[in-house]
Each structure stands twice: as C-alpha cells, then as structure tokens.
Amino acid sequence: MAEDSSQFVKTLATKKTTRWLIRGLVLAVILWPVGVMTGRMLLHVTVAQIIKLTNSKVAFESIDYSFDGSISLEKLVISPYIRLSDDDAILKAEKVYARFGVGSLLMLRPSLKQLSIKGFVFNAQHDIDTDSWNFGALKIKPSRGGSGKIPRILLEDGILQYSEVSNGQIKRTAALPINASLGFDKETPEGYRFVVTAAKAPEPGKSPLTGFVRPGQIVLKGAVPRINLPDFGRTWEVTSLHAELDYDRRWNYILKLKVIDLRGSFTRATDDAASEDSSALQRSGPFAALTRFFHRYRPAGLVDIKLQASGSLSKISGTTLSGRVYCKDISICHRSFPYQVERLTGEVDFTEQSAVLNNLRGYHDDVELFFDGFTREFGPNRKYDVRITSDNMALDQDLYEALKPRQKKFWSLFSPTGLAAIDYRLSRYPPADKERSLAVQLLGAEAAYSNFPYPLRNLSGTLLFDYDTVTASDLVSETDGSKITINGKATSCRTDRPISDFRVKAENVPLDSTLASALPPAQKPLYDRLCMAGSADADIKVFTPQQDLSPTTFNADVFFKEASLKASFLELAQPAETSSDSPTKKQSPLTFSDVSARTVFTPDLIRIEEFAGRCEFGAASVTGRILPGEQPQYDLVLHTDEVQISDELIDMLPASLSKVASELNPEGKVNLGIAVGKGPTGDKADYKMTVDFLGNSVNSRKFPYPLKDITGSLSVTGNTVIFDDIVATPADGNHVIAGAPVIKIDGQVMFADETSEAGQCKVSNGDVAFVAESLRIKGAALANLTAGICYDPNRQNWLARNLLADCYGGRLAGKLELRQSTDDAYEYLLQTGFENVDLKEFLADITQKQDAQADNHKHTTGRMSGSLNVAGRTRESLPRIGRCSLKITNMQVGKLSPLAKLLYVLNLTGPKDFAFERMLVDAYINNNKVFIESFDLSGEAIAFSGSGSLDMQNWMVDLTLTARGRRLATAEPSVLQSLPDALGGAVVRMEVTGNIYDPQVETRALPVIADSLNILGAKPTEEK
C-alpha cells in the first residue's frame, strides 16, 4: 500500500514538470522577438548613458548583448569634444561590461547598475600652451530618470597615465598600474566610495588608497603605491596620505593635503631621459617651479608634507597654496654641482610664489652642511637668496669631481686638501644678474701651487670666490717656525686669461729637500748642486701683465739668512754628473757659511744681490745672475778679501795653471775675485780669477830667485794669465837693496788647454814687460833694468832679446832664453855684455864690506868691461857651461881687496905698486866651475899673468900666477921676451888658493929656471 502511494506521487510530479516545460517553451516562443528587440534597445541605451555619464565622446569597435542582460563593448575610447592632440583620449579600454538594474528594466526605465572596465589606460593630458586638460569637461553624473545614482565602476588591470602636449608634441611623463572601484556609499547619502590599489597586492602594513566622493567634496586616505614620475623625482610612494578637496559648482576648490612618509628615488636612465627635455623647466607657476627643483636637485628619500591649495580646477595654473615640507631623511644632488648631500633634515615653507629653507642640515660622509634662504616669484623675475654653510667641508676628491671644468682648473693649480669652513651665497634680485660668492675659511688645510708645488701646511685664512674674482685674505701657513702669508686676488676668472695679482710673504722657510722638490725642472739641478741649508725669507709677487698677452708670472725677492751652500765655480756650467774620463777638472767646491743674501727670482732669471758670507778663504761676497734651463746661462762674480794662499785656493785655478802656481810656492794673503759666465751658445764657461797681491812672496825651487812685497793684480782667464802692474822686491838672503819695490811686471801668458803626460804646463803664447828699478843677481846690483819677454812658439822657449840695465855707473845689455825641461827644471841661456862699470862700486857691493869711514885708497878702483855667456839649468846642483871675458882699465888695487894680498906678498907697498893700466881675464864655464884660461894684469911696477879655476858652488879659487917686471900694458908678452924679462927682473910664481874673498898665496923664486930644468928632464927640488 505504501509503495502504491509513492509511485502515485512520482507520477504526479512528472506530469507537473512536463506541463511547466510546455508552458515555458510556449512563452519563449512568444517572448523571443520581444527579447531581441529589447537587447537592441539596451545597446543604444548603454552607449547613451555612458555619454551622459562622462559628458564626452564615446567610440568603440563592437558591442554585444548577452541573454543574462549584460552589454559588452570592445575597444572603448572616451575622448573630449574639444581636441587637444592627435592622441587625447581620456580613457581607452580593451573590454567594458555594462549591467542594468532588473527593476529599471521591469519599469521600462533601464539604468546602468555596473560598469566593469578591463585593460584600460586612463590618460590625464595637459596642454601646456593653453593650460587646459583633456578631462576638463568630464563630469561623472547619473542619468536622468533613473535611480539618481551613478553605476558602480570597477577598473581592473589598468594604467593611470599623465602626459603633456606642447606645440603638438606629446610627452608621457608618468604611469601607474592600478586597480580601482567606485560605488555608492550606503552610509552617506549622495556619496560614493572608491578604492585604488596597485596592480599587485599592497605590502603588509600598508592600507590601500580609499576615498569618498560626493558633490562638492573628494576625500582620499591610505597609501599610494609606487609610481614613476620622472619630472617629480622619478619614483615615489606614500605610506600614508590624507587629502580633502572641497569644490563648488564653479569648480572653485580648496585642497588640504597631509602626506606621511613620502619616499622618492630615481634611476640613472630616467634621470638622463628627463635631462634631455627641458620644456618643463621653461614654464612658470608653482608646479613648474617644483618640476625645476626636482630636475636640478634630484631629491630622494623620506619627507612629510602639509599643504593647503585653493583655486579653480578649470585653471590649475592659477592655484594659490601654502605648506611645509618636513625633510626626514633626504638626499639631493644638484645637476650642475653633483655633490651628494644625504641625511638632509629640516623644514621648507612654500607658497605658489616662494619657498623658504629653514636651516636644513645634511651630510656628505662626515661633512655637515646647512641650507638657508628663499626664492620668490617663479619665472623670469624670480628672486632668490640661498646660503649654504659648513664648518667642516672636506677638500677631497668628491668635491673636486663636482666642480665644473674651469673650477677644476683653478683647483688643480693648488690641489687643496683638509678641512674648511664655507659660506656659499647665491642670489638674484632683478633686474640685476645673479650673483655667486663663496667664502672659504681654511682650517688647517694643505695646498701647493702647481707651478711652485711647495707644500702649504696648517693653512688658515679666507678665500672669497665671486662671479669672476678670487680673493685671498691673510692665508697663513705656519709649520715648525716658518710662516707663509698670501694676499691678493685673481680677476676675469671666467675668461680664457685670468688676471692675477698676489703677494706672498715667506718667513724662515727651510732650505731643504722639500723646497728642492718644489723648484721648476730648470732650477732644481742648480739647487741640488749648491747643497743649500739654512732658511730664507721671501717677498713674492704673482701677477699677470696687463699691457701685453704674456702669461702669469712671478717675481720673488728671497733673503737668505744664516744659510750655507757649496759651489764649484769652475764647474758651475758643467753637467751635474761628469764622466770619469772627462778632461774637465774636478774642483773641490767652496763651502759658504753664515750666508746672508738678497736674490731676485723670476721664471727665467735668478739675480744675486748683496750676497755675503764666509768660505774657506774668509769673508766673501757674490753678485751676478743665472738663467736656468737645460743649458744654463750665468754671469757670477765671487770676491773675498785677505785670503790666505793655500792649496785649496790654488786648486781654484784651471788644471793647466794650478801646478805652475803651486810650484811658485806663494805665501801671504791676497784679495780674490772669481768671475764665471756662460752665454747661450758657449760650450764652456768663461772663467776669470783676479788676484790682488797684498805684499806676498814667492820662492820657487825651480827658479831660485825669491820675491817679496808683491803688489799688483794677476788675472787668470781660461788658460791665460794677465799681469797688471805687478810690483815686487827681490829677496836674496842678506843681499837685499833697501828702499822701494824694484821689480815691475806687466803682460800676459797663455798656456795650452791640456797638460803633457809628465804633468807639465805648456805655454802657447806670452808677452811680458819686465822692469826693475834695482835688482841683485848673485850679489851684483842692476838698476833700471828693462826687458820685453815673449814666448817663441817655434822654439818653445821664453826670450828676452832687449835686456838693458844700468850697472855701477856703466851699462849692461844682453838677452836671456828660458825653457822648461822635462825634470821640473828650467834651461837657460844668458848672453850679456857690459862696459864702463865702476870697479870700486862693484867690488864694494858684492863683498858687502864697504866702510863709509875708510879712505878711498883701501878699495880697488877702475873701469870694467866684458861679456858673459852662460847656459845651464836653474838648480844649483845642475851643470852650467859658458864663457866670459873681462877687461879692467885704470885699475887701482885697494888695500882691502883680495888682490892686494898678492902685492903684499911681493913686498910691494908704494902707490905705484898698486896701480895697473889693464887687467884681462878670459875664461870658460863648465860643470859649475870657471876655468881661467888667461889672466893678465899689467901695471907700472909689475905685471901678472897666469891661469886657474874658480868653483862657483863654494867660491874656492885655484890660481897660478907669474909676477914679473914692468911691461907695456898694451903689449902681449912673447915667449922670447918672457925669458929676458924673467932673467932681467924679479920673476915669481904665485899659487893663489882658498876662498876668493880671503885667498892663501904661496910664492916660488926663479920659476923660469925651475921650469926650464923640467923641460930638460931634471927633477926639480922641492921648496921647503
């Protein structure tokens, strides 16, 4: 029974379902034409309502109707009625789905309930030329006759884009991928709430951007996702934003905005792209000014913003605003001065016409910087006054890299390092041009001028940089007791030829290796060779000649004090390193101490003035000039007084002369002058030494004729010796004539450039005038002696042909040849003749036994003539050869004469016994002995004849004489005559031996008989 009941129920249900399906099919058939007609109507209604909703032109590629009541549009484009550009569409969407409310359809008053827009681009386009927007006429409002509400709008996978139009050119400057929704807010009448999110989900802790829209008001809250805005700092995002916009029907508005944690950054690619287009930089207005700020300073970091703006939405450029930016952690880097400032904090007050910096503080590494100032009236008449200060600005590579090329060039002139306090001011007050000034207070910095890189340490003072002027005020460098002060300015710095005018004063600058390394290459080798020490003061002028186009130069007055140096005047122009096989003489340098000097330095000249100091020779002074360079030129003079002659002084001479001077064995003090000079084409330095004698003496072992009391001047120029009024007194033991100096020498001698292998000096030319008022040679006095001495290059010897002198009332003439031999001696040849010599004066002088109180009969008298020819060498031990003859007339033998001893031996005592008409002597000289070949003395009472010898080294005589009766003085005795004379008169042979001044005389009677017996072969008996 139960089963029957269940089956009945199933059968009944099946019948009901079937009936409803039949009814539905019948209804569908009836309503199908109605639905088709309704769909076609809704397509037109959808487009119409979208046009009314946006108040814009609407276009699409296709539209379709679905049986679910939705409308789909493909490639929807919404554009303004007034065209701004070729691409001024407000909205482009790939697909749009429209859905109507069911109630509105049943009431036959269809109204859009929802619009779903996918794959869209919302383009906010601004025409810069007309200051108009493409959405200016866009008005979101519900259609009439409906619910009075705008449809719910869903935006998915879209891009919010900002672009600008100028001169028909479009530039897209910002794009933000977003999703958004807009719908009626049930809680607030006539209000709509919207939500904007990034294409990706919000980061944790960040709420999406939500808003509320109702007539007259728009409110925004939440976070702004990352957005790329190249003109406004590249990429930005906001953690928290609250904005409230109130407006009226005339589109007048008031905006209040508060932004918390606005973070911005930029990329190099977008930065470079923005720099290529400067159109935004040329406009006026607050937003253009803001664009310029972002473009110039490229800010990034974290800020808070509060602002209030008012104006008309139809004309954004007329907006007025005021607000404040709270910099929490900002970095900025000016485009034309790329010096990164980070951790910037502080506040910026701004309006649409001004911005005020309120003591912003930032850092570049450890450098702390402060920013103050203002800017007003954006546009061509913009005024500004900005100040940047720092108390610890680092003068480092980062700062150098931020400079412009012209500034880098100035920086490179000094290469500063260290710290400085800076005060930078940038101002502009139209109609005047903008002004820049930078005051730099150095704080122990270091610098070095490139053209003279002497390190300036512990620098203090001020540098002021104006538009085209650099001024240095009391720049002071103090280190270890030295002080350098710089004052002056450089003008026309923005031209290709700045004008410099600086004054540098230096005190106690050490003369050390630091100074050497700072010298120009042309001057450093000279400084190194001088081995300078001590300190110096300097007064330096660095200036640019304005009367011509010469480069900047300098003029330095340098005052050396308590300095020392070494200088080799002979090698001054030679290279600093000379090869060992060079023929140039290596001269020991002079060491100068206690030097005080004034020296004037210019780039191409060193002028030495007022140089005084002490060297090995005593007090010295130096004057002259030096032209430094690869081939230095110079002209220097050293002068020192009362120099003691020494080996060091003689070493100052050239090699060919120093040996000669050393052999002269000079003694005493002289005034010394040394002049060296070299021109632009000279291979060698011109060298001149001047010696002023101060009563000196010479005593050469080669030329044993000493001189003393030497005065006059001797000059050595190269290998030439010039004698100028040399006056000397001969010094020969006790045989010195008292009185004034008696020898004068003038002339010159030229020596060969090189010495011989034996080290001897070779003369190439000579011409000397020799004058002696009185001269003694081996005891014999000559007066008024003159001789012109010259060098015969053919015979290589000295020759005095015209030797003339007065000799004891008579006259002497002759010639002298002198040649240097290979064993350091001189070979000589003397040929003289004399006549009418007063024998009394001669004998009295050479014996030096003259007694002014004795009567004249005690001295030998007469007149003497003769000749002397001698050849030999200057040393006493060397042999001499020659010949001499002597003739004495009217001879009266003095009782004090050695000859008188012969007469006394013969017992001759009467006056006539001491009178002789003639005395003849004929002799030759060999091996330092005089061999008397003939000795003949004829007088009224007796005559002598004989021969013998005289040793010139010890003056020992060995003479054999025969005394006989009277003979004519003019006749020569013959052999036949001698025998009768001997037989008829007294014939005596006399042996004279011993010292010539006190001889020993022995006699023999009848020497003729004894000699005759010898001839016959008999042996003579010895005399007892």
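In this predicted model, strand E38, which spans residues 780-792, pairs in the antiparallel sense with strand E39, residues 797-807, over six bridges. The two strands form a hairpin with four residues between them, and tyrosine 791 has tryptophan 798 in E39 as its bridge partner. A search of the whole structure finds three aromatic pairs, one of which is formed by tyrosine 791 and tryptophan 798.

**The hairpin of E38 and E39**

- Glutamine 796, which lies in the turn of the hairpin, has a positive phi of about 55 degrees.
- The bridge partners tyrosine 791 and tryptophan 798 also form an aromatic pair that is edge-to-face, with 5.7 Å from centre to centre and 65 degrees between the planes.
- Both tyrosine 791 and tryptophan 798 are buried.

**A stacked aromatic pair**

- Tyrosine 924 and phenylalanine 931 count as stacked because their ring planes lie at 20 degrees, with the ring centres 5.1 Å apart, and the cut-off for stacking is an angle under 30 degrees.
- Tyrosine 924 has a relative accessibility of 29%, so this residue counts as partly exposed.
- Phenylalanine 931, with a relative accessible area of 27%, is likewise partly exposed.

**A charge over a ring**

- The charged end of arginine 376 sits over the ring of phenylalanine 374, at 3.8 Å from the centre of that ring.

Note on methods. Residues numbered from 1 in each chain as written. Predicted model: local features only at pLDDT ≥ 70, side-chain atom pairs only at ≥ 80, totals over all residues. Heavy atoms only, no water. Phe/Tyr/Trp six-rings, centres within 6.5 Å; stacked < 30°, edge-to-face > 60°. Buried < 20%, exposed > 50% of the residue type's maximum accessible area, 1.4 Å probe, protein only. Lys NZ or Arg CZ within 6 Å of the ring centre and 35° of its normal. Pairing = 2+ DSSP bridges.
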